[in-house]
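Thanks for joining, everyone. I have one structure to walk through today. Please have a look at it first.

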Amino acid sequence: MSALFAYLHHLAAFTLVAALACEWVLMRGELTVGTARRLQLADLMYGVSAGVIVVVGILRVVYFEKGASYYYHSAPFIAKMTLFILVGLLSIYPTLQFARWGKARKQGRAPAPAALQTARIRAAIRLELALIVPLILCAVLIAKGIGHLG
């Protein structure tokens with residue numbers, strides 16, 4: 001079971017990164033009805049994969065790996081959770097903007113966000129992607145037992 005949950009955790013993590021990369025690429029091009037729909041789908045996949053990461057991650061910590069006590073005394077684990085929360089908080093703005101585009105898209109109109117909104121969405125996605133890099137480093141440090149505080 002431990003291997004299955006590790007697999008699910010990693011699959012969800014890679015899916016999250018892929019969805020975020022899709023959002024980044026789609027936001028660089030022209031915003032059409034089709035692009036808006038693809039952004040909404042990518043964001044949905046992002047949210048679903050984040051939910052799977054949380055649920056499976058909790059189960060792994062509590063039941064399948066070294067135990068909660070071990071992880072709660074790991075500086076890289078604490079840093080990884082902090083980074084994951086920051087990435088999640090950053091994702092709120094793009095998600096809200098994409099959701100607002102639903103009405104226009106359903107009417108066959110391309111969303112027309114202000115330049116500042118577009119810039120903020122791009123900046124949030126770029127920062128999310130940047131924060132995933134040290135998050136992955138933290139995962140490696142946890143797996144190697146580096147940074148355990150007790």
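**Surface, fold and cysteines**

Let me begin with the surface. The accessible surface of the protein is about 8,600 Å². Carbon and sulfur atoms account for 71% of that area. One caution before we go on: this is a predicted model.

Now burial. The protein has 150 residues, and 36% of them are buried.

What about secondary structure? How many helices and how many strands does the protein have? There are 6 helices and 0 strands. Reading from the N terminus, the order is α-α-α-α-α-α.

Next, overall dimensions. Along the principal axes, the C-alpha atoms of the protein fill a box of roughly 55 × 30 × 20 Å.

On to contacts. Take those in the protein between residues at least 6 apart in sequence. Of these, 85% join residues at least 24 apart.

Then the charges. The protein carries 15 positive and 5 negative charges.

Last topic, cysteines. How many disulfides does a search of the whole structure find? The search finds 0.

Over to you for discussion.

Definitions and conventions:
Residues numbered from 1 in each chain as written. Predicted model: local features only at pLDDT ≥ 70, side-chain atom pairs only at ≥ 80, totals over all residues. Heavy atoms only, no water. Helix = DSSP H or I, 4+ residues; strand = E, 2+ residues; numbered from the N terminus. Buried < 20%, exposed > 50% of the residue type's maximum accessible area, 1.4 Å probe, protein only. Contact = heavy atoms within 4.5 Å. Areas by Shrake-Rupley, 256 points an atom, 1.4 Å probe, with all protein chains shown as cover. Lys, Arg positive; Asp, Glu negative; His and termini not counted. Charge placed at Lys NZ, Arg CZ, Asp CG, Glu CD. Disulfide = S-S within 2.5 Å.
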